Amino acid sequence: MSLDWGRLEEVVERAVRRARSEELREVADAVKTLAEYMKTGFQETNKRIEELGKTVAELAKRVEEHGRRLDELTKAVAELKVAMGSLGRRWGRDLERTVLEIYRDALEKRGVEPGRVEKFVYTDVDGRFMRPGTRIEVDVYIHDGRTYLLEVKSHAELEDVEWFAQKAEAVEKILGRKADRLIIVAVNIDKEALERAAQLGIDAVYGAVIE
């Protein structure tokens, strides 16, 4: 229920006019003063409430706008991740082809034609050859009944050599044939990786050895 300030003022003013004694007039004046004070207070409070309401509405609008922008940003980041992932895969394939071309002469001397090297990818779903779900990926060159397995890296480390040896063993089982040669091709290779490759019977084609 709203307060009728006009009606209240009228009642108070009438009481002041009708007060017959000084005491009653003082009481009536006090009531009038209190009423005016209350009116002013309520009006100020209402004003502040209205201002607060406007502020809240503006904040809500800003939050909504920020939320919309955040959604757009999240979507853009997701799209960027997909694009970068795709670009990264293309860069990876291009890098492998580039490295193979750089060392074409060395590979051809070993009986490998770089342009005919194919990617072999196998996911060991049930764990027949490696841990279940392991993705096995190597480069394969087959010619005149001979099979070559290759690992191409820009920088070959010890872990790369060890992993290549494990993958090669699994691929041999998958293909049902022994590889005639395992070759790791790298622009740079760590010294310990080169030594390990020799121990495992892996031929290394490289540009520089990193101590």
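How many salt bridges does a search of the whole structure find? The search returns 15. A salt bridge is counted where a side-chain nitrogen of Lys or Arg lies within 4 Å of a carboxyl oxygen of Asp or Glu. The model is predicted: local features need pLDDT of at least 70, side-chain atom pairs count only at pLDDT 80 or more, and totals for chains, interfaces and linings use all residues. Residues are numbered from 1 along each chain as its sequence is written, and side-chain values use heavy atoms, with hydrogens and water left out.

Glutamate 101 pairs with arginine 104 through a salt bridge of 2.7 Å, N to O. Exposure classes follow relative accessible area: buried is under 20%, exposed is over 50%, and partly exposed is in between (1.4 Å probe, protein chains only). Glutamate 101 is partly exposed at 41%. Arginine 104 is partly exposed at 25%.

Arginine 135 and glutamate 137 form another salt bridge, with the closest N and O atoms 3.2 Å apart. Glutamate 137 is partly exposed at 28%, whereas arginine 135 is exposed at 51%. Both residues belong to a salt-bridge network that also links Glu96, Lys119 and Asp139.

Aspartate 203 and arginine 181 form a salt bridge, the closest N and O atoms being 3.9 Å apart. Aspartate 203 lies in strand β5 (residues 203–210) and arginine 181 in strand β4 (residues 181–190), so the pair ties together parts 22 residues apart in sequence. Strands are DSSP runs of E, at least two residues, numbered from the N terminus. Aspartate 203 is partly exposed at 21%. Arginine 181 is partly exposed at 31%.

Terms used:
Helix = DSSP H or I, 4+ residues; strand = E, 2+ residues; numbered from the N terminus.
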